[in-house]
Amino acid sequence: MVEPHLTFWDFIDYVQRNYDLLLGYLYRHILMVLSGVGFAFLVGVPLGAICTRSRALARIILAIMNILQVVPSLAMLVLLLLIMGLGSTTVTVGLFLYSLNPIVRNTYIGLQQIDPSYVEAGRGVGMSTMQILFHVRFPLALTYIMTGLRISAVIAIGVATIAPLVGGSGLGREIYAGINNGNSLRIFSGAIPAALLAIAADIVLGFLQRKLRVDNRRSKNVLPPTPR
């Protein structure tokens, strides 16, 4: 059966008629991404810091991250499905594993790029190792860490669209329903919001990254010249 010619207004009409359904899919999509990327951030930043303490540990951790990154997303979700069964939890764990590499690697690189003179200055004023880490090293590496978070968020939003294949929800449900039924409107109604969500996440995180740059924060603390 040949699908009738569809226009942009047909798409708008479909979205208006199914607004509540699509909004629910969008909410669950965002929730899965936030959970997966959030856990990856909480685990990945400390792992990146650990990598700077030992070259042997860095080689092991980064090798594991590389393996996780090269495994196709669908294959990873299927492997997790065999262990955890169907459901959104399987998807969240998959997003967590897939989001780790950019965060770990960028945290490690950011901490490695810090000028040693800053660390020595911290030691000179009596800071402990943990104080130097949180008050000197992490703030200076924040731009790199945010880059890893941006990459992870965009990747996770895309990977989450295949969640229905392992029992998950989100915008992928609308995409696969459209594929199964040969309905282009349903495919577009899932794919377009997912693409816009990825673009929005990149813009918002990029804005935060620029705001958190050390030179930007330092420039705001500079006193204006005294008028003569």
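Which residues does the UniProt annotation "transmembrane region" cover? The unreviewed entry gives this annotation to residues 26-49, 56-72, 78-98, 140-167 and 187-208, with positions in the numbering used here, and such annotations may be inferred rather than shown by experiment. The model is predicted, so that local features need pLDDT of at least 70 and side-chain atom pairs count only at pLDDT 80 or more, while totals for chains, interfaces and linings use all residues. Residues are numbered from 1 along each chain as its sequence is written, and side-chain values use heavy atoms, with hydrogens and water left out.

For "domain: ABC transmembrane type-1", the unreviewed UniProt entry lists residues 26-209.

| Span | Helix | Strand | Distance between end C-alpha atoms |
|---|---|---|---|
| Residues 26-209 | 84% helix | 0% strand | 25 Å |
| Residues 78-98 | 86% helix | 0% strand | 13 Å |
| Residues 187-208 | 100% helix | 0% strand | 32 Å |

Helix α9 (residues 184-211) packs with helix α7 (residues 129-159), their axes coming within 9 Å and crossing at roughly 175°. The two helices are therefore roughly antiparallel, a term for angles over 145 degrees, where axes are lines fitted to C-alpha atoms over the stretch in contact and angles run from 0 to 180 degrees between N-to-C directions. In this contact (heavy atoms within 4.5 Å), the α7 residues include Thr143, Met146 and Arg150, and those of α9 include Ala194, Asp202 and Gln209. The contact residues divide into eleven nonpolar, four polar and two charged, with Ala, Val, Leu, Ile, Met, Phe, Trp, Tyr, Cys and Pro counted as nonpolar, Asp, Glu, Lys and Arg as charged, and the others, Gly among them, as polar.

Helix α1 (residues 8-17) also packs with α9, at an angle of about 75° and with the axes 10 Å apart, and the pair is therefore roughly perpendicular, a term for angles of 65 to 115 degrees. Asp10, Phe11, Tyr14 and Val15 of α1 meet Leu185, Arg186, Phe188, Ser189 and Ile192 of α9.

The lining of the largest pocket draws its largest share, seven residues, from α7. A pocket is an open set of points on a 1 Å grid over the protein atoms alone, where a 1.4 Å probe fits, with protein on both sides within 12 Å along at least five of seven lines, and lining residues have an atom within 4 Å of a point. Of the 21 lining residues, Thr52, Arg53, Thr129, Leu133 and Arg137 lie nearest the centre of the pocket.

Conventions
Helices (H or I, at least four residues) and strands (E, at least two) are DSSP runs, numbered from the N terminus. Angles under 35 degrees count as roughly parallel, over 145 as roughly antiparallel, 65 to 115 as roughly perpendicular and the rest as oblique.
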